[in-house]
Amino acid sequence: MDLIQLLVGGVATGCVYGLVALGFVLIYKATEGVNFAQGDMMMLGAFIALGLVNSDHLGLAFIPGVALAAVLMGGVGYGIDRFVVRQIFGQPQFALVILTIALGFVLRFIAGSIWGYSPLVLETPFAGRNLSMGGVNISLADIVTILVTALLTVALWGFFAYTRIGLAAQAASQNQMAAYIVGVPVRRINSIIWALSGMVATVAGVLYASKGAIDPNIGLLGIKAFAAAVIGGFGSLPGALLGGILIGVVEPLAARYLPGGFSQMSPYIIMLAVLVTRPNGLFAQMHAKKV
Amino acid sequence: MKVIFKTSYDRDIDLHKDGWARARIVALVAVMAALPFLVGEYYLAEATNTLIWALAGMGLMLLVGHSGQVSLGHAAFLAIGAYTDTALMNAGLPFVVTFPAAALAAGLFGALVAIPAVRMSGIYLAIATLALFVIVEEMIIIAEPITGGVGGIMAPAIQIAGIDFDRYGQLDRFYWLCLAVVVAVTWAYANLLRSPTGRSFLAVRDSEVSARALGINVTRTRALAFGLSCAMTGLAGALMGHYIAFFNYELFSIFISINLLLVVTIGGLGFIQGAFFGAILITAVPQAITILRGVARDSLGVDIGGMPGLDTMLFAMILIGFIIYEPTGLYGRWLKIKAWVELFPLARRDMFRRQKSYLKTERQK
């Protein structure tokens, strides 16, 4: 019974990691760049939702409040790409890594100056409620997390596979020059993808906040989400989600059955093991290296 | 502009352009050596700190700037250097043994890590080093008998051949020790870059495939670069441990890794001088903020001390500005100014135009 509870909780936590990882993968799939500020975007999304929803702030209803927060974060994502990331368009990947790390610090500072550095709790309609089935207690927040994540993953997969923008994004990533020539507005596509990734980050942030308190430093969770994305192979949406769930499940199990310290290390040990045995992740998409 | 005729190969690969350049370096080292007589205790401590940062920066510069591998976890190697040195000294070994041992431990660990790491490139390597950093941090907490765990550990005073180099008692001697180490490492680094090994680092950085075609063993070269870089960082870590004197795992936080990246990027990637420029900036900015804070409080009545994270935020803004407007860093800007002056009035803006590259994925799906 304990084990099942541990597993469900682990899957739910893993879904949050997976969602943040989805944000990385989105941007990576479309622009071949890695956004190291994704964790901080999640943090900012959670705080914006908190500012809109909580009764001592604006006090909007939960669903519209979160939707508005997602739209706002979409705007933030679009703005970051339009005014900052686009400036280094055409420079090596390494520049983007450093740029987004720095952006993460700026976002953290902004959130810290508005909402302070002490932990705050987001008011959700499903906080503290539990479902009991045959002696197993599962919190409603966990179930909502798992459902929302599943829905969002399917929706994003459909977006990349079927919509015009999704296909254009894939084209832009596979060969930027060729995409330009056939008329794909590469820069605007990049900005739209950043906006989308900001929205996904907000959902991840709200789901994370439904399980506990938030403070401006929760963005460091992004490091675990990296591990998730790497385990899955950086360009794969389902891979990122599975990687997240794997980490989410292993962590509490390691905390339970292994000596102290291993639980914190376990995501990275798994990741290094995957990198050593399959350097391109479990769902590898790289087959040959060109000159 | 002076024209130099090179009549031999040795002249071509000489470290300095001419005798004048050599004289300037000698003068710089002489001024640095005379610093304890010129400035007070406080600024001497800051200068020592700058030297240590420059040493660590050179370690990362070798990796990022000269062999093209990004590490986001170099604080881990600083930590390994510091803990190896301190733990061995606590076990009774003299500094002359423990100091090289710190470099050896960090270097070996780095090379060991590099063997799987060099198969990865770019982003994967950056993330793997980040993961490595978290693992090392946890290991430090677990290995409490050696590292003092969360409580921390005291770095004993340095003694070489009966002479004390205590950081608090004889700061000037500790400064000279750091200066000597930095000068030696810089000299070795500069010479390494003009050796076949150093040239192969640059070849691997610029194009892995071309380097392989030229007969360079890419795996070996990258692992060697990783090991050497970590050894240099380990030396810096050992000195940093003595400089801070009492430290725990928190001294080597993720922010130190980021600051190190800041040192090499703002200083100027691919130039040894860049590490020094970056180190000066990173130690000077907090001072400048403190001074500004005092000015703002005294003359304007505004207390900006109440905003935590302001320094980090300022660093981040500086970094963003450099990445966008001057990706070649401070040293790159200095080269441009120098060229402008030397060529006056012939210098043109387009001489330094950056080449843009278009992305092509290596993924097949």
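Strand β1 of chain A covers residues 130–133, and strand β2 of chain A covers residues 136–139. The two pair in the antiparallel sense, over 4 bridges. This is a predicted model. One bridge can be picked out by its residues: A:S132 has A:N137 in β2(A) as its partner. Between the strands of this hairpin lie 2 residues. In the hairpin, A:G134 takes a positive phi near 55°.

Now turn to chain B. Chain B holds 15 helices and 4 strands. How far does its C-alpha trace span along the principal axes? The spans are about 55 × 55 × 50 Å. The radius of gyration of chain B is 22 Å. A compact globule of 365 residues would have a value near 21 Å, so chain B agrees with that expectation.

Take the contacts in chain B with a separation of 6 or more: 74% of them join residues 24 or more positions apart. Burial can be counted too. Of the 365 residues in chain B, 42% are buried.

One helix of chain B deserves a separate look. Helix α4 of chain B runs through residues 75–90, which is 16 residues. From first C-alpha to last, α4(B) reaches 22 Å. That is close to the 22 Å expected at 1.5 Å a residue. Is α4(B) mostly covered or mostly open? Mostly covered: 15 of its 16 residues are buried.

Definitions and conventions: Residues are numbered from 1 along each chain as its sequence is written. Chains are lettered from A and ligands numbered from 1 in the order in which they are written. This is a predicted model: local features need pLDDT of at least 70, side-chain atom pairs count only at pLDDT 80 or more; totals for chains, interfaces and linings use all residues. The expected span of a helix is 1.5 Å times one less than its number of residues. A residue is buried if 20 or more other C-beta atoms lie within 10 Å of its own, exposed if 12 or fewer, and partly exposed in between; C-beta atoms are placed from the backbone. The radius of gyration is taken over C-alpha atoms; the globule rule is 2.2 Å times the number of residues to the power 0.38. Two residues are in contact if their C-beta atoms, placed from the backbone, lie within 7 Å. Two strands pair if DSSP finds at least two bridges between them.
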